Structure formats: C-alpha cells, structure tokens
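Trainee: I have the structure open and want to understand the words used for it. Can we go through them one by one?
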Amino acid sequence: MMQRQRESSLIFILMVVIALFFLLPFLWVLLTSLKPEAEVFSRNFLPTTLQFDNYLQLFHKIPFLLFLRNSVFITVISVIGVTLSSSLVGYAFGCMNWRGRNSLFYFVIATMMLPMQVTMIPVFVIFKEIGWLNSFKPLTVPMFLGGGAFNIFLMRQFFMTVPGSLLDAARIDGCSELAIYWKIVLPLAKPALATVAILTFMFTWNDFLGPLIYLSDKAKGTLALGLGQLAGQQQPEWAVLMAASVLMMLPVIVIFFLFQKYFIQGFTMSGIKE
Amino acid sequence: MKTSRKNTLWGYLFASPWIVGFLIFGLYPIFASFYYSLCQYDVLRIPQFVGLRNYRELLFQDHYFYSAVWNTLFYTFIRSPLVIIGSLALALIVSRAARGVKFFRTIYFIPSIISGVILSVLWLWLLNPQYGLINSALQFFGLQGPLWLIDPSWSKPAIILMNIWSLGGGRMLVFLAAIQNVPTHYYEAVEMDGGGWWAKFTNVTLPFISPVLFLWFILEVIFSLQVFVEAYVMTKGGPLNSTLFYNLYLYNKAFDDFDMGYASALAWLLFILAGVITFVQFRLSKRWVYYSGGAEK
C-alpha cells in the first residue's frame, strides 16, 4: 500500500515536470512580449514592469491590420468552401447509392498519397497563365472543389451513421437529393462540420507556403507571411516579434478552448497539422 | 435500394466538385510535372525538351542535392522514432487512472495547436543561445547549452526538439485512444502470472497497438520528409547548409531560380524516395506488427 502511494506521487511529480516542459515556453514568450526592450536581453524570467509598448510598435513595423484583414478573408472563404464542398461530395459517397461509387471513393482516398511537391509547380503555372498570381483566388477558389480527400473521408464516415431509413422516407415523400442534403443531413452533421471547419481554419491561418508562392505583392500579405518577414530581419526585435506571435496565436487558442471536443476529434483522426 | 440511372447521374453530380478539382489540380499536374522534369523550363519561355539531363545533373553533379537528401534523411530517421516513442511514453503515463490526469492531457496537447510560422518564430527565440529559455534553463542546472541553430551539428537536433514539443501531445492522444481499446482481461491474465507493468506493456499493450504504431511510423516519415517552413523561417538552410532540407532546396530551385524543370525532377525523386521508404516499412512490418484479427475494431 505504501509503495503504491509512493509510486503514484512519483508519477504525479513526473506529470508536473512534463507539464512545465510544455507550458513554460508559452509563459516565457508572453513575458518577453510584455518586457521593456532593455530587459529582453537579461536572463530575468519576470519583467520589472509590464507594458504593452511592443504591441503598439508592431503596428508601425508591419501593416498589421491589413495583414489581419487578408488572413481573415482567406481563412473565412476557405472554411466556407471546404465545409460546403466536402460535405456535398461526402453526401454522394455516404448517403447515395450509385454505380461506381465505391471505386471512386477508394480512388479519392488513394489521391492522399500524392505528394503536393509533384503537383505544386504545374498548379503554379496554371494560376500564372490565367493571371491569378498576386490575388487571393489561388488560395480560395480550389477550396470549393471538394475540400481535400481527407475532409471528404471525414464527412463520409459521419454521413454513414445517418440512418438510411430516414433518407428513404424523405425520398418517398418526394424530397430532392439537394433538399435532403441541405435540410436533413447537414443539420445532423454539425459535429463533423465543426471538425472539418476547425482543421481548415488551422491549416489556412498557419499556411505559409501558399501565400509565399502566390502573394508577392506586400499589400496582399497575410499574418503568417508578415511574421515570417519580421523574423527574417538581420537583428530581430524579439519583444515585438513575440508580441506578433502572441496576437497570431490568440484566435487559435480561443477556438481551442471553445471547441476543445471537435479540435481533439480532428487531431486524433488526422494528425495532419504540417 | 436499386441504383437507377437517375441515381448515378445525381451521384456524379454531387461528386463533381471533387472530380473537376482532381482533373485540374491533380491529374493534369502529374503529367505536366513529369514532362517539365524532362525539360528546361523557366516559366517565361515554353518548356524545352532536354531528355534526362535534369536527372543526370542531379544525381551526378549536384552536391547540394546530396546534402539535402542527407539532411532530410537524418532529420526523418531521428525525428520519427523520437516523436513516436516520446508520445507513446506520454500516453502510457496519462492512461493511468490518477488524480487530475484529464487536466494534464489537455496541458500536454496545447502545444499541438501551434504549428508552422508561429512555432518556428517562438522557437527561434526559445533556442537563442544567450538569452533563450532553453539555455537559461540548462544553465539553471549548471549545464552549458549548445549554440543550437547557429552550430551546424546542433541545428537539426534543435528543429527535432522543437517538433517533439509541438507534436508529442497530439500523437499522445492518438496512442491513448489505442491503449484504451485494449481489452482489460488480457492484463488480468498477465497479473495472474505475476507479471508487472513491463510485462503487461510488452506482452499485451505493444502487440495490441502495433497496427496503430505502424500507421504512425508511415505517416511520421511522410510528414518528416516534407519539412520546409521551419528551415525557411529559422535558418534559411544554414549554417553551412546543415538545414538545407529537400523541400527547401526544391523551393529555392523553383521559386528563386525559376528552374522549374530541375525542381520538377527533384519532386519526382522525392516521390520515389518516399515510396521506397514506405515499401521497406511495409516489408519490415511483417516482423513486428500484430493483427489480432477481429478483436480489433
């Protein structure tokens, strides 16, 4: 009994130490962002005075509000596009019966193996040829075309759990497929929609390579690009840089705590965060 | 329900966004990319066919190519097992019924919501040799920390350390779900034989979760081979090309030099490399992955 107890307190201490490993970096970054310039280069963990100068400076260093607006625009459009189109395609695979359905579904899954490096260059050339470089279109329009194999898979898995008898009853009542999708299945699918929306939000908000390739015009930049720029300076101003990081992390953290369940569902199912 | 012609029409109609997207952004680019890889192509002029020249140059003349391959393989083969073993250990710790264990699960998961540029910028500061948190913490214990991203022999380990921090909690939840699916009566059987937790782990947990571990070894390798943003933001490939990872080199060739033919050849070689590694993993899996057949969901 004694040994049991000692063992469990040892494990508790171990869990606390690991928690420090995961949490201290956040605290350190937050404190750096609140430190006066001079104190950044001291090893004191706590600042002598808390001040928000670095956050104000940020607005002079980069066009923060413009970048924010661009990021929000691209993210919102992408989330709408992906949830709409992946649920539509997912409905075809999960709720309808048609010839070739299963083979096409396996094919969709197989395309997940296709590395994006192989398609990246021709896709860039396509957008260049149709004059979409330096616009948000390359980052948003494709989102309406299926929303990615993984999201279709996720939607389809959820739709499979909708009772077929419910759908058939609606069909006998003369509902069109579109009406069934919109009025019956989508309202039932809120958890799946939330999961897909959160994964898409995370991906788009953090996306770096896409904007880097397609948005060379400074005024079109996103927060992710702006942060990368700020970090790439010869002598980075750490306090300002950390203030920028804190602001960019904020929506992610807020959404995490609001929708923890869907967040975790999305992660355990995908692990796709890179 | 029968599959009438009308149903089939509706089915394809609903699936059509994906089909259109795949034709434009998947199928056509595969062929175009392969063709470009056989061409000299700078985007401004039309591609000029040069046969296997790009591949020959890559394999026989380009020492940056071999640095990029070496860096990427080093990164992949060190990072993947560390992330998997680390997050499996975490999962084992938080799978025990203990006080506050749910709270700790949430804490461990939080870094997993940070990725890409934010992650890189945070760690650029954390890894600062003089004033960063990591070396300050090491000094607290009387240790002299390395120069991390400035030292060619520590730059890759630094990026791996960062990824363990940011991936551990997410993978932990995956393995935790797998561990919780193991039927408990198997543990009781080991207990009756007088086995401790190590015996339970090696004889029950490990075999039962081996299919999940295998899947994540495959995914982890594929993700690791893709490393790009970290190197682009934190090191630009330096110092001394020690973090010139494959995709960074590919990006430089494509979008700095606009040598699209060469970059396309690079992309195909990476595809082949990833395919070979995955194939080898499948062959090796027969020796260690256990499918309980039916007992698993």
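Mentor: Start with domains. Domain bounds come from an automatic or database domain assignment. On that basis, chain A is divided into domain 1 (1–51) and domain 2 (53–270). Keep in mind that this is a predicted model.

Trainee: How far apart are the C-alpha centres of domain 1 and domain 2 of chain A?

Mentor: They lie 34 Å apart. The two domains still touch: eight residues from domain 1 of chain A and eight residues from domain 2 of chain A take part in the contact.

Trainee: What makes a pair of residues a contact?

Mentor: Their C-beta atoms, placed from the backbone, must lie within 7 Å.

Trainee: Which helix gives the most to the side of domain 1 of chain A that touches domain 2 of chain A?

Mentor: α1(A), with four residues. α1 (2–34) and α2 (37–40) of chain A each supply at least two. By class, that side has three nonpolar, three polar and two charged residues.

Trainee: How many residues does each chain bring to the contact between chain A and chain B?

Mentor: Chain A brings 69 and chain B brings 72. On the chain A side, α1(A) gives the most, with 14 residues. Other helices supply at least two residues each, including α4 (64–95) and α14 (238–258) of chain A. The chain A side divides into 48 nonpolar, 13 polar and eight charged residues.

Trainee: Now chain B. Why is α9(B) called roughly antiparallel to α12(B)?

Mentor: Helix α9 (residues 197–225) and helix α12 (residues 260–288) of chain B pack at about 165°, with their axes 11 Å apart. Angles over 145 degrees count as roughly antiparallel. The value is over that cut-off, so α9(B) is roughly antiparallel to α12(B). Their crossing is right-handed.

Trainee: Which residues make that contact?

Mentor: Among them are F214(B), F217(B) and I218(B) of α9(B), and A274(B), I277(B) and W288(B) of α12(B). The contact has ten nonpolar, four polar and no charged residues.

Trainee: What is the crossing, left-handed or right-handed, where α3(B) passes α7(B)?

Mentor: Right-handed. By class, the contact of α3(B) with α7(B) has 17 nonpolar, five polar and three charged residues.

Definitions and conventions
Residues are numbered from 1 along each chain as its sequence is written. Chains are lettered from A and ligands numbered from 1 in the order in which they are written. This is a predicted model: local features need pLDDT of at least 70, side-chain atom pairs count only at pLDDT 80 or more; totals for chains, interfaces and linings use all residues. Ala, Val, Leu, Ile, Met, Phe, Trp, Tyr, Cys and Pro count as nonpolar, Asp, Glu, Lys and Arg as charged, and the others, Gly among them, as polar. Axes are lines fitted to C-alpha atoms, for helices over the stretch in contact, and angles run from 0 to 180 degrees between N-to-C directions. Angles under 35 degrees count as roughly parallel, over 145 as roughly antiparallel, 65 to 115 as roughly perpendicular and the rest as oblique. A crossing is left-handed if the near helix is turned anticlockwise from the far one by less than a right angle, and right-handed if clockwise.
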